[in-house]
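User: I have a chain to go through with you. Could you take my questions one at a time?

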Amino acid sequence: MTETTHHRWIRWPDGGQPRQLGFGADYNPEQWPREVWDEDVRLMREAGVNIVSLAIFSWARIQPAADSWDFSWLDDIMDLLHANGIAVDLATATASPPPWLTAAHPEILPVDREGRTVWPGGRQHWRPTSPVFREHALALVSAMAERYGSHPALAAWHVNNELGCHNVYDFSDDAAGAFRRWLQDRYGTIGALNDAWGTAFWSQQYGDWEQILPPRLAATHPNPTQQLDFKRFSSDVLKDYLRAESEILRRATDVPVTTNFMVSTGIPGMDYADWAADVDFVANDHYVRPGPQAMDELSFSANRTGNIAGGKPWFLMEHSTSAVNWQPINFAKKPGELARDSLTHVAHGADAVCFFQWRQSSRGAEKFHSAMVPHAGEDSDMFRSVTALGRTLEQLAPITGSVRRPARAAIVFDWTSWVASEQDSHPTSRFNYHQEALDWYSAFLALGVRADVVPLETNLANYDVVITPGLYLLTAGGAARLTEYVNAGGNLVTTYFSGIVNEHDHAWLGGYPGPLRDLLGIRIQEFGPLDDGETAGLDNGLTGTLWTDRIDVTDEATEVLASYKTGNQAGRAAITRRRAGAGSAAYVSTRLGATGLEPVLAQLLAAAGVGSELPEALRGKVELAIRQNGDAEFWFLVNRTADAVDLAGLEGQRLAAARDGEEHDGGGEDGEEDDGGTGGGRNGRLAPRGVAVLARNRIFDGTGSSR
């Protein structure tokens, strides 16, 4: 897990109940007449809501003109929420500038790589590097901090909103100037930059900093290191903006500060592991993407968020009660999925569960996005389901403040390799870093073995097995750390397209996988990417796609676990393992997909002595996540199937079990079937898509060991 410099949780008003999980939503009262607000707070209390995010997109309402301010409505709703015992995560309202600002200062608008202005009409139409935007935005932040810093409802500050969601890459002149300054800080001299960027290629050598531009639309592929540095710069610029707002808030108040990350698939622009130290607690927005691994991806992202947070409690700021509005087809969630999705995030460390949004909008771009109170109103299955979830979270109050129990295995998710490996001019454009990592995670879930998803900078010494899928960019220092890990007794597994380039995106010479060659006892002279639909059979019965490697085994200690049976690499090694020091290093040279990785992972885990803590009958059917607090453990059992699952044999006292529209109090008679969960020592059934939480004492093993 990453090391965070500090952790301050939400400040419950009036010294509120510290042992409670947060529950609520984005609340947008400015979209509704005043008379609706009283109904809102009544329904919030009925549902068990205790915190809402407020004022996220309210700049135009708060400051309708450059010299005009209107806080009266915000004063009113802050007071109303406090009077009803509902805390406020107050946004700084800077996410989308108002029309008067963009009309007066069009120079704050972003510019895309083709030189086109990104006009108002949507949201986030501002340049992260614009000094004009920052002047006006920080004035608003100062006004908000001054007015509400001591308000009794204030529980946390919410900087901007989803920083970089729509404006992470800006190619304007402001960005060009800021990029040059960033490069000067990084490289010091123009000569060092020329060397790092390899500008001898294509006559790109720079003689002056002013000659350097962002990677705008070019006649052909821009310099790859220029592209990579621009991605690093763009993440750093947004982090700097986060710091600018945070500094004002921290000077004016003693209230925790956060911003909502977007740890998910398809959002690679921000290096959140690098941002984590700049917030008092990590918050995340996550939305399910349809597909066969949809549930696995949710768990993967929640797991990754928990480790970005250093294992400490984090805030699920947004997810959906049901359908969203921005996918090609927006599917409603099936019965049980609302509670299951929410509690899976809790299982991986979330101490607050919130949705977008409270009341479903009747107008605007998100009017078909689901909410806690749907268009149908309170007399709806949706509202009954969120109310049931609120009661379940109340039952889970004992877990508040507990931390994720580390697993014995880890998957390294490296942001720099993600963004660098998917650039142009590579052996294949089909490589998908996130998918490869997710496939390994799905294989762990199918085997019933817990694995942490961690940044590369994590201290890996406590893990028995570490998987580094697609570790394309690997520094000499990073390779030394992995070698030290193996020599000390760790078991490393890495894959194709790993150890290819250094921090400057320069290829490691001498053969692939670069600085890992000696550790793995192999050498690859040439890649063998596969065409769409092309496969390569292995002699263990598995089938590879996307990629093969022309492997030469260079060390007699390297064991060949599987060889290619068909394809251009027939007869060559496909999967290898070499003992080194007190540990081992394995290599998988083709894409096997989640199902194909299961037997490979099982073999590698068995060799390392790592197994499942679940009874054999539950492995693959139930996901296990564990939180701990002192001698207490809390086992979250998440049904991955659409069938009821028998939980007989698991020890522990049930705290709660839930699926949509149902809540269970942990009771039940001996031998009673219960679709919600199981009691201590009693037979029980876990409902389709259901979740049960068992409190256990760490002094006994149950079906697995306690660490």
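Analyst: The answers below concern this predicted model.

User: Which residues does the UniProt domain annotation cover?

Analyst: According to the unreviewed UniProt entry, the annotation "domain: Beta-galactosidase trimerisation" covers residues 407-610. Over that stretch the chain is 26% helix and 27% strand, and its end C-alpha atoms lie 10 Å apart.

User: What is the strand order of the open sheet of seven strands?

Analyst: The order is β12-β11-β13-β14-β21-β20-β19, and the pairing is mixed. The edge strands, β12 (451-454) and β19 (558-563), each pair on one side only. Direction ignored, neighbouring strands of this sheet are turned by 20 degrees against each other on average.

User: How many bridges pair β14 with β21?

Analyst: Five bridges pair β14 (residues 491-495) with β21, in the parallel sense. Within this pairing, Val 493 has Ala 586 of β21 as its bridge partner.

User: And which strands does helix α14 lie across?

Analyst: Helix α14 (residues 433-447) lies across β11 (409-412), β12, β13 (465-468), β14 and β21. Its angle to β11 is about 165 degrees.

User: Now Thr 590: where is it found?

Analyst: Thr 590 is in the loop between β21 (583-588) and α17 (593-608).

User: Is Thr 590 buried or exposed, and why?

Analyst: Thr 590 counts as buried because its relative accessibility is 1%, and the cut-off for buried is under 20%.

User: What is it in contact with, leaving aside neighbours within four places in sequence?

Analyst: The contacts of Thr 590 beyond those neighbours are Tyr 496, Leu 538, Gly 544, Thr 545, Trp 547, Thr 548 and Tyr 564. For Trp 547, the backbone oxygen lies 2.6 Å from a polar atom of the Thr 590 side chain.

User: Changing topic to β9: how many of its residues are buried?

Analyst: Six of the six residues of β9 (residues 350-355) are buried, so the strand is largely enclosed by the rest of the structure.

User: In which sense do β1 and β8 pair with β9?

Analyst: Strand β1 (residues 22-27) runs parallel to β9 and is joined to it by four bridges, with Gly 22 opposite Ala 352. Strand β8 (residues 314-318) also pairs with β9 in the parallel sense, over three bridges; there, Trp 314 is the partner of Ala 350. Together with helix α11 (residues 337-347), β8 and β9 make a right-handed β-α-β unit.

User: Last one: how far apart are Glu 394 and Phe 23?

Analyst: Glu 394 and Phe 23 are 371 residues apart in sequence and 9.3 Å apart in space, C-alpha to C-alpha. Glu 394 is in helix α12 (residues 381-395) and counts as exposed because its relative accessibility is 53%.

Note on methods
Residues numbered from 1 in each chain as written. Predicted model: local features only at pLDDT ≥ 70, side-chain atom pairs only at ≥ 80, totals over all residues. Heavy atoms only, no water. UniProt positions renumbered as here; feature names shortened; annotations may be inferred. Helix = DSSP H or I, 4+ residues; strand = E, 2+ residues; numbered from the N terminus. Buried < 20%, exposed > 50% of the residue type's maximum accessible area, 1.4 Å probe, protein only. Polar contact = N/O pair within 3.5 Å; in protein donor to acceptor, adjacent residues only side chain to side chain. Contact = heavy atoms within 4.5 Å. Pairing = 2+ DSSP bridges. Right-handed = clockwise from strand over helix to strand, strands pointing away. Axes fitted to C-alpha atoms, helices over the stretch in contact; angles between N-to-C directions.
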